[in-house]
Amino acid sequence: MSVFQGAYRAHTNIALIKYWGKANKDLFIPTTSSLSLTLDALYTDTRVTFSNELDADIFYLNNQLRNEAETAKISKFLDMFRQEAGVDLRAKVESVNHVPTAAGLASSSSAFSALAAATRQALNLEDQISDQALSTFARQGSGSATRSIFGGFVEWQKGTTNENSMAVEIDDASWDVGMVIMAINTAEKRVSSREGMAHTMQTSPFYPEWVRQNMIDLERIKAAIAKQDFQLMGEIAEANAMRMHATTMASDPSFTYFEPDTIKAIQAVQDLRATGVLAYYTIDAGPNVKVLCKASQMDEVEAFFAERFKDMNFIQTTAGPGIKPLDRWEYDDGAIL
Ligand code: ADP
Ligand code: DP6
């Protein structure tokens with residue numbers, strides 16, 4: 001029996017300058033570059049086992065065998081690595097999300113980074129595929145996964161080809177940067193990011209302006225990060241998120257990821273800021289609101305919101321690391337091999 005195994009952890013990331021549209025759908029080359037913060041508290045663990053005793057790929061997510069359509073997506077992803085390694089073995093993929101799936105909390109970003117890294121390890125491709133090159137593989141599972149290969153602040157340079165649309169480390173974000181996530185609704189969303197961005201791109205008259213402005217926002221936020229200017233960074237991130245949602249609302253037929261509590265949360269952030277606390281919101285393809293604040297003020301920020309939103313769950317997090325190999329698989333007998 002030949003068995004090849006790899007297991008990795010990847011953390012989710014939240015974009016401060018958003019990716020919202022593909023210039024090339026097949027290769028996942030985006031219309032704009034984007035920039036994110038990798039999060040410590042939310043992550044995915046994935047183990048990949050290639051074996052000559054399997055005649056089809058199988059995929060377990062959170063200990064449940066997944067359907068054909070989802071497995072086909074995984075198979076297509078594994079094919080890139082099989083081709084690179086010149087092998088034709090099928091694999092069992094086991095993945096555990098420590099983040100709600102498909103709720104706008106970026107499960108697909110950690111998912112495809114962890115899968116890419118575990119597969120590279122299983123097939124002994126470390127010498128052939130650098131971390132930066134790995135980000136171009138992760139990209140083709142889910143665009144936002146490009147950025148989860150690295151920790152801290154990460155830029156996804158849009159590039160023009162399969163090889164140069166990749167992640168670049170910007171800053172380790174160790175300067176008192178935190179995030180408080182207001183978990184407004186963690187059920188699976190109705191419109192996936194993929195459908196939402198395609199519909200917006202096709203039908204929103206604001207879309208070309210979004211692309212133009214995003215480039216300006218990106219350059220400005222990079223300068224703010226380089227100066228560790230928290231206020232400026234937060235202001236740019238907040239404006240950029242709203243520009244993305246405005247583009248989406250202007251699509252035809254119009255739609256929004258916002259729920260009533262999303263708007264209430266936005267107002268709460270504005271009220272908190274009026275008390276002198278540096279706190280800025282960002283929102284992805286879902287109703288949840290992520291508040292960028294100083295790591296040292298996360299308790300204060302959460303207490304302010306908890307007062308207004310009695311039953312809400314909060315997740316506090318600082319900046320997280322890039323991909324890490326797992327030396328034990330804690331979900332069964334703990335052994336890797
Ligand atoms: P999210 O906001 O959580 O990133 P998306 O709609 O962008 O939501 O992506 C969710 C999709 O990502 C899921 O429907 C699933 O296909 C895929 N996904 C999530 N977690 C995993 C995982 N651990 N392994 C493989 N695919 C995953
Ligand atoms: C709003 O990366 O989930 O979170 O590439 O189609 O898988 P696909 O989309 P995905 O979209 C993320 C959109 C976003 C913004 C961002 O993360 O930059």
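Contact here means heavy atoms within 4.5 Å, and helices are DSSP runs of H or I with at least four residues, numbered from the N terminus. Good morning. The model is predicted, with local features needing pLDDT of at least 70, side-chain atom pairs counting only at pLDDT 80 or more, and totals for chains, interfaces and linings using all residues. Residues are numbered from 1 along each chain as its sequence is written, chains are lettered from A and ligands numbered from 1 in the order in which they are written, and side-chain values use heavy atoms, without hydrogens and water.

I begin with a pair of helices. In α1, residues K73, I74, F77, L78 and F81 meet F112, L115, A116, T119 and R120 of α2. By class, this contact has seven nonpolar, one polar and two charged residues. The axes of α1 and α2 (residues 107-122) lie 10 Å apart, at an angle of about 45°.

I turn now to the second largest pocket. A pocket is an open set of points on a 1 Å grid, where a 1.4 Å probe fits, with protein on both sides within 12 Å along at least five of seven lines; lining residues have an atom within 4 Å of a point. This pocket holds about 300 Å³ of space. Among its 13 lining residues, D26, F28, K76, Q140 and R194 lie nearest the centre. Which helix gives the most to this lining? It is α1, with four residues. Both α1 (68-85) and α4 (193-203) supply at least two.

Definitions and conventions
Points joined across faces, edges and corners; volume = space filled by probe spheres on them. Axes fitted to C-alpha atoms, helices over the stretch in contact; angles between N-to-C directions. Nonpolar A, V, L, I, M, F, W, Y, C, P; charged D, E, K, R; others polar.
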